[in-house]
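Student: Could you take me through how to read a structure feature by feature, giving the general idea and then the case at hand?

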Amino acid sequence: MHFAFTDEQAMIAETAKAFFAANATSERTRAAMARTGIDDALWQGFAGDLGLAGVAIPEDQGGVGLGMVELAILAEEAGRHVATLPLLASIGLAIPATLAGGRTDQTARLLPSLASGELVASFAQAAPGTTWNDRTLTGAALHVPHGASAGLFIVAVGSDAFLVKRSAPGLSVAPLTSLDQTRPYARLDFGGVAAEPLADPAAAIATAHRTGALVIAADALGGAQACLDRTVAYAKERIQFGRTIGSFQAIKHRLADMMVAIEQARSAVYWAACAIEEGSDEAQFAVHAAKAFACDTYSHAAGEMIQLHGGIGFTWEHDAHLYFKRARSNASLLGTPDWHREQVAQRIGLDEAA
Amino acid sequence: MKLGFSQQEEAFRAEAAAWLSAELNGPFTDVRGITSLVEMPERRRDWEKRLGEAGWSCVGWPREYGGRDATLAEQVIFAEEYARAGAPPRLNHIGIELAGPTILAFGTDEQKARFLPAIARGEEIWCQGYSEPGAGSDLANVRTRAWHEGDVWVIEGQKVWTSLAQFSDWIFVIARSEEGSKGPKGLSFLLVPVDQPGVTIRPIHQITGEAEFNETFFDGARTESANILGAPGDGWKVAMALLGFERGVSTLAQQMGFRNELDAVIAAARANGEAKNPLIRQRIAKAEIGLRLMRYGALRMLTDAEGGKLSPSALTYKIQWATWRRDLGELAMDVLGQAGETVAGQDYAFPALPNLYLYSRADTIYGGTNEIQRNIIAERALGLPREPRGDLK
């Protein structure tokens with residue numbers, strides 16, 4: 001038992017921190033928001049130059065061969081800057097689905113280009129009524145993160161899962177104007193689209209949900225920490241009534257409460273990361289806990305960031321709304337905090353007879 | 001980063017579990033499952049002695065002082081197994097968790113040899129003399145005085161909220177030893193025997209109807225010159241270091257107690273059908289998640305402490321658990337409904353869950369109120385300006 005980063009993990013965190021601080025600037029984020037929600041140069045730097053898109057892909061499949069803790073570290077640091085990367089879509093969802101559920105030839109074909117970042121993929125939950133017949137899909141998927149930028153989709157249809165290429169005839173991809181422009185959704189319409197089944201769809205879907213929820217929770221942790229750090233900095237410089245607003249107990253206590261929640265979220269995220277990595281019986285439980293707790297913490301912290309900044313926090317110019325909107329999107333994706341708590345309720349035996 | 005335990009550590013777990021099970025299903029079956037701090041004090045003194053004899057009392061201490069030189073992981077494991085076995089709260093928890101570590105850190109070799117083995121053997125029970133009627137949140141506003149007279153310290157004044165003083169042999173006291181000094185300056189940390197004419201203990205009946213806390217009066221009380229930790233005037237430094245020891249391994253044992261309380265709430269909800277109420281389900285799930293996160297927060301804290309670092313979660317831990325437990329008390333009453341508000345018989349003595357509802361109101365006060373905790377977090381962790389002091393007496 002050693003519940004702290006190893007030296008190597010601390011180094012990865014430092015590298016990622018420096019990379020995002022230098023590159024995921026507000027200016028570049030806003031430029032990406034106005035287009036696809038991906039800063040291509042940032043993605044090239046992250047996936048291509050640093051080779052980090054393949055963080056949790058085994059080395060013999062073109063990856064770095066690290067695990068869930070390292071993935072959580074990267075997602076946390078990206079979240080700190082609301083970085084405009086397909087980190088959830090490609091690294092948090094599509095790669096784990098492919099690794100867990102793909103046939104050998106599918107993984108061999110796809111993982112090297114997913115690891116290098118040349119191929120961006122996303123995960124699409126098909127809407128009810130979507131069907132697979134004659135090796136083709138008919139139906140739709142309504143909210144696919146970074147869907148308009150993906151060259152490949154893993155499509156979950158009930159308990160089945162398929163690979164669908166962006167270029168497949170009959171697929172239409174409509175970018176959606178999204179509340180969170182750093183991770184916009186697209187709608188997919190499948191009009192008899194060729195779809196290749198994955199070998200183990202159950203494993204693909206479960207692994208994508210689990211890893212995706214961990215990545216969202218870690219993103220929420222980094223985002224919430226940024227909300228706190230930036231609001232503390234502001235409270236130390238903003239002067240009203242002849243004193244810094246951070247000297248008022250009404251403000252101090254709210255900032256302290258944010259930290260209390262964030263430290264718990266940190267425990268939750270790294271508990272979940274370790275539990276998955278170590279194959280613990282508690283892994284699924286830990287993921288539900290982390291997703292629920294970290295998303296609630298982020299929503300609260302981002303709301304507090306706006307409130308404690310006052311009027312400036314309500315402007316488009318200030319970054320507070322980027323966090324506020326990412327927090328909202330994090331809460332909705334892959335199950336709301338209430339839904340995850342209900343899963344916990346079922347797992348602790350509330351439905352057993354007294 | 002790793003959460004699992006090694007094979008060797010698991011072997012230690014099996015050894016501890018086997019010993020605890022044999023004792024608590026054998027000679028000490030009568031104290032198994034006790035949760036109150038004040039029930040069956042004589043038998044629990046015996047239990048302290050038994051733990052000491054077998055070397056399971058203070059597992060993290062050095063062997064020469066009655067410990068077992070256990071590693072951090074082993075201490076964690078023992079704390080968990082102790083609670084899992086249904087062993088009672090430690091009657092001497094203040095000696096083991098506060099006085100002992102403080103003596104280990106600040107004591108002379110003579111003091112360590114004099115006091116530590118007696119704590120480890122369960123022979124001397126300790127209590128804590130910090131708060132006073134005028135020194136609550138403003139703890140440094142101590143008025144109890146101490147002065148040298150020949151080869152003894154003489155102590156005059158009053159302490160309050162001294163938990164378990166009625167069972168204690170020793171009390172550690174912060175007292176003003178420099179006349180005219182103010183605030184944290186001029187205080188000394190004294191070790192004082194309780195059983196003497198100059199010390200009077202009067203129980204305080206609390207909102208539960210029980211009396212765990214006391215007022216302790218010092219009226220010309222005496223202790224030997226040598227019974228001071230640190231130098232005269234350095235008492236505040238020692239007193240504050242001691243508060244850091246509250247965030248030790250014992251938090252894990254405390255959490256196992258919380259586990260039992262939450263399980264009792266879950267059982268009650270299943271029994272009366274409230275477990276099907278979606279709002280109650282959400283709150284129980286929240287409590288469950290909160291408890292798990294306490295464990296992992298504690299493991300972070302302990303890992304960091306082993307590496308000589310103060311974890312950020314160490315500063316947030318008190319308000320976290322205290323608020324969690326207060327919320328659990330409220331949840332318990334919402335689950336029980338009016339059935340929780342009455343009790344059979346004439347005595348004002350409620351069962352565990354209603355008692356939790358009442359007792360947990362103390363959790364957010366003692367050891368630094370939630371409001372003081374927020375000040376500490378804001379000032380020490382976030383670097384925000386300190387609260388200004390007033391000058392009212």
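**Reading the two chains**

Tutor: Chain B of this predicted model has 11 helices and eight strands. Its radius of gyration is 21 Å, close to the 21 Å that the globule rule gives for 393 residues, so chain B is as compact as a globular protein of that length. Along the principal axes, the C-alpha trace of chain B spans about 70 × 50 × 50 Å.

Student: What percentage of the residues in chain B is buried, and what percentage of its contacts between residues at least 6 apart in sequence joins residues at least 24 apart?

Tutor: Buried residues account for 47% of the 393 in chain B, and of the contacts you mention, 70% join residues at least 24 apart.

Student: How many residues does each chain give to the contact between chain A and chain B, and which element of chain A gives the most?

Tutor: The size of an interface is often given as the accessible area lost when the parts come together, but here we can count residues. Chain A contributes 43 residues and chain B 42. On the side of chain A, the elements that give two or more residues are helix 7 (201–237), helix 8, helix 9 (283–309) and helix 11 (337–347), and helix 8 of chain A gives the most, with 16 residues. By class, that side of chain A divides into 24 nonpolar, 10 polar and nine charged residues.

Student: Which residues touch the most other members of the largest nonpolar core?

Tutor: In soluble globular proteins, nonpolar side chains tend to be buried together. The largest nonpolar core has 241 residues, and those touching the most other members are V155(A), L214(A), A217(A), V269(A), A272(A) and A290(A). Leaving aside residues up to four places away in sequence, V155(A) touches A124(A), A126(A), L137(A), A141(A), A161(A), F162(A), V164(A) and A195(A).

Student: Into which domains is chain A divided?

Tutor: The division gives domain 1 (7–116), domain 2 (121–200) and domain 3 (203–353) of chain A. The C-alpha centres of domain 2 and domain 3 of chain A lie 29 Å apart, and their contact takes 11 residues from domain 2 and 10 residues from domain 3. The domain 2 side of that contact has seven nonpolar, one polar and three charged residues.

Student: Where is D134(A) found, and is it buried or exposed?

Tutor: Most residues other than glycine have a negative phi, and most peptide bonds are trans. D134(A), with a positive phi near 55 degrees, is found in the loop between strand 2 (131–133) and strand 3 (136–145) of chain A, and it is exposed, with 8 other C-beta atoms within 10 Å.

Student: And is L164(B) buried or exposed?

Tutor: L164(B), not a glycine either, has a positive phi of about 65 degrees and lies in the loop between strand 3 (152–160) and strand 4 (170–176) of chain B. L164(B) has 21 C-beta neighbours inside 10 Å and therefore counts as buried, the cut-off being 20 or more.

Definitions and conventions
Residues numbered from 1 in each chain as written. Chains lettered and ligands numbered in written order. Predicted model: local features only at pLDDT ≥ 70, side-chain atom pairs only at ≥ 80, totals over all residues. Helix = DSSP H or I, 4+ residues; strand = E, 2+ residues; numbered from the N terminus. Rg over C-alpha atoms; globule rule 2.2 N^0.38 Å. Buried ≥ 20, exposed ≤ 12 C-beta atoms within 10 Å, placed from the backbone. Contact = placed C-beta atoms within 7 Å. Nonpolar A, V, L, I, M, F, W, Y, C, P; charged D, E, K, R; others polar. Core = buried A, V, L, I, M, F, W, Y, C linked by C-beta atoms within 7 Å. Domains from an automatic or database assignment.
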